Amino acid sequence: MNILLLRPHPGNDRFGLGPFFRVEPLGLEYIGAALRAHGHTVSAADLRFRPGAATWVRRTRPRLVGISCLHALEYERVVETAREVRRASPDAFIFVGGHAAAAFPAPLECDAVDAICRDDGEEIVPLVAAALAKGGRLDEVPGLRLREPDGWRDTPCLDRQTCLDLVPLPARDLVDRHRSGYHCLLFKPVWLVETARGCPHRCSFCSVWQLYGRSCRERSIAAVVEDFATAGDSIFVADDLFWHNSARSLELADALKKRGVFKRWILVQTRTDLICRSADLMAAWRPLAKDFDIFLGLEAATDKGLAGITKDSGVAESVEAVRLARELRYGINGNFLIDPDWDEDDFCDLWDFVARYGLQRAGFTILTPLPGTDFFREVAPRIARQPWSNFDMHHLLWEPRVGAPRFFELYAETWRRSILNTSGDKSLVDWMKQVRPSQIPYIARVLWRTQRMMKPEAYLREYEATRPRTTEPLVDFSAGACCRGAA
Ligand code: B12
């Protein structure tokens with residue numbers, strides 16, 4: 001069967017660090033590999049590059065079109081993409097999947113979509129293809145939310161979580177033509193690699209553990225080593241919580257060294273408390289790359305703030321993790337959450353913390369109830385209907401305690417304290433010195449766009465343009481459930 005997999009353009013990324021990160025659609029590459037193993041002919045298109053969906057549909061004449069929806073902020077764009085596909089090919093079966101689709105499918109339930117995947121795709125997409133090929137019944141395929149004549153309904157869940165070794169390596173060739181367009185921070189091109197999936201912790205703002213029921217799955221050491229060895233020089237590790245299983249992580253570091261893997265740059269995401277108890281592990285991994293960055297969810301500058309989001313670790317761990325990582329020559333990037341309910345003192349506490357511990361490489365996002373979390377279920381009935389693209393963690397979804405104009409002054413001031421402020425500690429010239437001459441236009445463009453985040457009037461204009469025009473609530477909770485996690 002001809003199958004087309006699409007990664008839509010996420011739409012509005014005028015705010016946030018979107019411009020600094022554009023990575024390959026790894027989930028689609030794994031699904032592509034699974035489909036090929038079943039004998040299908042697969043094409044994949046990353047719609048952040050030309051041409052658009054309709055051209056791809058005409059070119060590949062697919063019977064099945066899979067569209068990925070990773071982030072809640074993409075719901076509208078995914079639906080638009082599905083409509084474009086429907087117009088170009090009225091008979092194709094249109095199937096949407098990915099984190100946001102599985103965690104909260106309701107916004108995708110429309111005529112342009114035939115089914116939504118409520119779980120990982122490696123097993124389910126080949127089952128859908130097989131059912132379509134045989135003219136069989138889709139209601140016997142597990143893990144779906146299916147559009148039927150009388151409405152949307154769920155098929156039974158998969159009886160177990162998909163083993164990550166089912167598909168050992170992604171079909172990277174599907175999008176390799178865009179490789180030079182994939183980048184992170186100063187590194188270009190970049191490869192996205194997954195060694196494990198899931199997280200056992202329970203931070204209230206995160207939808208990952210809730211979708212996967214706090215489980216953690218790992219790929220085999222052999223598969224990960226092969227993937228690292230055959231990927232390029234700059235690696236973004238997609239794992240939700242790197243170094244979680246210390247014995248396996250040590251084994252992996254040893255196996256990579258034995259294979260002679262050494263990269264220009266690696267970025268991983270992990271927790272502060274894990275770093276505090278993993279000095280040996282960190283020392284074992286550090287020689288694997290010239291530059292090795294860690295993305296830390298720092299989240300708050302006070303224990304009270306961390307407790308409020310169920311971080312289950314304290315500020316002492318944040319400080320110690322940063323110290324330890326720096327001692328081992330890791331670069332520290334991080335993120336803090338800004339609560340719309342903050343007053344001026346809360347902003348001052350954060351600024352002091354950032355200055356005291358030299359955390360100017362951190363980013364700052366607005367605490368956002370992401371669909372798929374209990375936090376969302378709790379507050380969504382009180383949030384007015386507005387574009388899903390506002391769920392990018394840089395928009396206010398409701399009126400903040402200090403009022404929107406003052407909030408944005410304080411928020412922009414917070415960003416001004418980061419290294420992204422080219423009028424601050426790190427000038428445009430300092431940035432340029434860090435990159436090859438050929439990268440100067442790219443980095444200049446990205447930094448130019450990012451300066452918007454230091455301008456309160458830019459946020460206010462955006463707020464006025466996108467804020468709710470109605471008091472109608474955002475969602476109807478009678479629709480949409482997910483297979484795992486909170487269930
Ligand atoms: C890599 C990543 C990014 C990359 C972009 C990825 C891309 N390709 O474009 C970057 C760094 C840019 C990014 C940015 C952001 N991200 Co992000 N990101 C991730 C991360 C860590 C990994 C995704 C991944 O590649 N996993 C590995 C692959 C193999 O798995 P997968 O994509 O899940 O694919 C599988 C299934 O989902 C499914 N599937 C996927 N596609 C399809 C399609 C079909 C048809 C089917 C059937 C199935 C299917 O099958 C695949 C194989 O099993 C996830 C965490 C997560 N666990 O999902 C967060 C995550 C998706 N991001 C999140 C968030 C919040 C953001 C930001 C808003 C953060 C911020 N601070 O600004 C921004 C938004 C940027 C923007 N404006 O677009 C949240 C989304 C929550 C939500 N409900 O919306 C997540 C879940 C993280 C979290 N802890 O909460 N992100």
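Ala, Val, Leu, Ile, Met, Phe, Trp, Tyr, Cys and Pro count as nonpolar here, Asp, Glu, Lys and Arg as charged, and the others, Gly among them, as polar. Sorted that way, the shell around the ligand has 22 nonpolar, 11 polar and 9 charged residues. This is a predicted model, where local features need pLDDT of at least 70, side-chain atom pairs count only at pLDDT 80 or more, and totals for chains, interfaces and linings use all residues. Residues are numbered from 1 along each chain as its sequence is written, and side-chain values use heavy atoms, with hydrogens and water left out.

**Around the ligand**

- The ligand has 42 residues around it, and Arg 7, His 71, Glu 122, Arg 197 and Asp 240 are the closest; a residue is near if one of its heavy atoms lies within 4 Å.
- Domain 1 (2-154) and domain 2 (182-367) both supply shell residues, so the ligand lies between them; the bounds come from an automatic or database domain assignment.
- A polar backbone atom of Ala 72 sits 2.8 Å from a ligand oxygen.
- For a polar contact, the cut-off is a pair of N or O atoms within 3.5 Å.
- Helix H1 (26-37), strand S4 (64-68), strand S5 (93-97) and helix H5 (121-134) each give two or more residues to the shell. Helices (H or I, at least four residues) and strands (E, at least two) are DSSP runs, numbered from the N terminus.
- H1 gives the most, with 5 residues.

**Salt bridges**

- The structure holds 41 salt bridges, each a side-chain nitrogen of Lys or Arg within 4 Å of a carboxyl oxygen of Asp or Glu.
- Glu 29 and Arg 172 pair up at 3.8 Å, N to O. Glu 29 lies in helix H1 and Arg 172 in the loop between strand S8 (151-154) and strand S9 (183-184), so the pair ties together parts that are 143 residues apart in sequence.
- Both Glu 29 and Arg 172 are buried, meaning under 20% relative accessible area, with exposed over 50% and partly exposed in between (1.4 Å probe, protein chains only).
- Arg 48 bridges to Asp 46, with the closest N and O atoms 2.7 Å apart, and both residues are buried.
- In the Asp 159 and Arg 160 bridge, the closest N and O atoms are 3.3 Å apart. Asp 159 counts as exposed at 70% relative accessibility, while Arg 160 is partly exposed at 42%.
- Shared partners link Glu 24, Glu 29, Arg 172, Asp 176, Arg 179 and Asp 227 into one salt-bridge network.

Definitions and conventions:
A polar contact is a pair of N or O atoms within 3.5 Å; within protein, one must be able to donate a hydrogen and the other to accept it, and residues adjacent in sequence count only if both atoms are side-chain atoms.
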